[in-house]
Amino acid sequence: MYLYLPVALTSINILIPVGLGLAVGLLSGLFGVGGGFLLTPLLIMFGIPSTVAAATDSNQIVAASTSGTYAHWKVGNVDFKMGLYLLGGGFIGGILGVQAIKLLHAMGNADFVIKITYILMLGIVGVYMFIESLQSMKKNNVEEAKEEKESAVGRFLKALPLQTRFEKSGITHSVFVPIVLGAFVGILAAIMGVGGGFLMVPIMVYMLRMPMHVVVGTSLFQILFTCIEVTFLQAYSNHSVDFILAVLLLLGSTVGAQIGAFFGKKLKAEQLKILLASIVLAVTVKIVFEITLTPSLLLSQVGGH
Amino acid sequence: MKHQFKIQNAKCKVVLLLTFALFTLQFALCTDAFAMLTAKANHDHITIDFFYHGSTVSVRGISDPGTDLVIKITSPEGHQLLKKKGKVGGMLWMNVGQLKFENTPNFYEVFSTKRVEDILSTEEMDRNVIGFPALAKHVEITPVANEEEKARWFDEFVKFKEDSKVYTSQSGNITFSKNAEGKQEYYILTEWPYQAQPGDYLVTVYAVKDHKVVEQATSAVNVAQVGMVKSLAGMAKDMPAMYGFLSIGVALSAGFGVSMVFRKGGGSH
């Protein structure tokens, strides 16, 4: 059955957005990522204009992350204190990132920087997570390696002022650590035009040393607020949120997020990490192919990647 | 003398009568050849509701049997801004800037009895903007360095539009028949793509003879959103803040709603 989308000005088979929503929601509930880096290009592939795809995606992430945050909160896996510090940092980073993009557009090489940042970030995060998770699976070697790393990073982090305890995660950090890291992700997310969940998750795991299950819940909590802000700004300034498309997507994604959260509990942290790493690497390879193979169309709508 | 004059007068009357009869007969026989070209797009008001997935538009009318036909359906002209891809560092495909296409319709479809290049002279094609070669000359593209670059980007522009199903140029699918009055009637049924945006479209039918347009007729097609589709599109444009809050509100409620359903349905963990 087809439905007409009043803002995207196109007609779509309803099974496509519902199915895509379900798949991305599943990833969201499992790994704590919004899934924008996957869903937006897929929607464009199915004929949705790029501006509408990006804006509507953030609208549906509001629903999926509400569903996911709630599911994780019920089992005590959301560190609200850490989430709020990261949000604060992300907000500052977002403002800085938007300025950086303006500067890059003025210099005329914005697209090059965006694409390279995308590949580098996804590639580094994917490879690092993949190797680390493989090593962690071979338990004996890991204990030593982890301890060595923790002591090196730990010494620097403990020297910073305003140390505070994050009870839910069972860690102590200076308040500056999550704020600076949140700002870092915020800058990159603004430059790349994504929510930044796939960057935030590894940062929480490897730099903040939070337990994987708390990471997923806390990341979703943070993504929820970021996407509420983005949805409003997109609807208000660009008129590019398609309400009907968002409803179709969230029909799938809210259910997917619940299923994801359920299966997340069944999987071990290492298995979760290696799965996420594989997806991130697959997306990296796709982008590399995209920019090296001759595209079928050399013109595209203004507003997307 | 008087009698002779009477006979001459009668002869004149007969000649006049015969001339008139012949003229009337010729006129009657030639009505088909001098038929006025007409055009009527049936299904000329397309409404877009939630279940709209494109439509069909047929154009029919009377035409002269000795002419070829070209049917052009276009939206009003405007300007379009598109991103162009190019190679960076000789190997990476990136967006390398924007191109502005002026005097371009968003929708451009041409149907003809034979290939337009074979039945129309270049001057006539250009004058009436019939066919992609003529549209290429009509369109302005900036910034481009030279004519060669302009031609290359116009070809890409047509490819981009054909991919969205809003540009096409076809020949050989107009059919002819005789109507009840014995006049030649032409007919074409075209698929109307759902990608065509709401608005007014102009249907122009050209009668072509000896590589020239000898007659033309027009009709209109209107595409408009109705009901909830219209209300939502209008709200997104005219009340963006309210539309934003509504979108967020629905997303939050859906997220919580599904959580509740799963909580009740899922039981204890």
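Visitor: In this predicted model, how do the axes of helix H7 and helix H8 of chain A cross?

Guide: Helix H7 (residues 176–192) and helix H8 (residues 197–207) of chain A have axes that come within 10 Å and cross at roughly 155 degrees.

Visitor: Why are H7(A) and H8(A) called roughly antiparallel?

Guide: Angles over 145 degrees count as roughly antiparallel. The crossing angle is roughly 155 degrees, and H7(A) and H8(A) are therefore roughly antiparallel to each other. The crossing in which H7(A) passes H8(A) is right-handed.

Visitor: Which residues of H7(A) and H8(A) meet?

Guide: From H7(A) come Leu181(A), Val185(A) and Leu188(A); they meet Leu199(A), Met200(A), Ile203(A) and Met207(A) in H8(A).

Visitor: What makes the residues in this contact nonpolar, by class?

Guide: Leu, Val, Met and Ile are among the residue types that count as nonpolar. By class, the contact of H7(A) with H8(A) accordingly has 7 nonpolar residues, with no polar and no charged ones.

Visitor: How many residues of chain A are in contact with chain B?

Guide: There are 46 residues of chain A in contact with 49 residues of chain B. Among the elements giving two or more residues to this side of chain A are helix H5 (110–137), helix H9 (212–238) and strand S5 (299–301) of chain A. H3(A) supplies the largest share, 9 residues. By class, the side of chain A that touches chain B has 30 nonpolar, 14 polar and 2 charged residues.

Visitor: In what order do the strands of the open sheet in chain B lie, and why are S2 and S9 called its edge strands?

Guide: The sheet has 6 strands in the order S2-S13-S12-S4-S7-S9, and its pairing is mixed. Strand S2 (45–48) and strand S9 (167–171) of chain B each pair on one side only, and so are the edge strands. From one strand to the next, the twist averages 15 degrees.

Terms used. Residues numbered from 1 in each chain as written. Chains lettered and ligands numbered in written order. Predicted model: local features only at pLDDT ≥ 70, side-chain atom pairs only at ≥ 80, totals over all residues. Pairing = 2+ DSSP bridges. Helix = DSSP H or I, 4+ residues; strand = E, 2+ residues; numbered from the N terminus. Axes fitted to C-alpha atoms, helices over the stretch in contact; angles between N-to-C directions. Parallel < 35°, antiparallel > 145°, perpendicular 65-115°, else oblique. Left-handed = near helix turned anticlockwise from the far one by under 90°. Contact = placed C-beta atoms within 7 Å.
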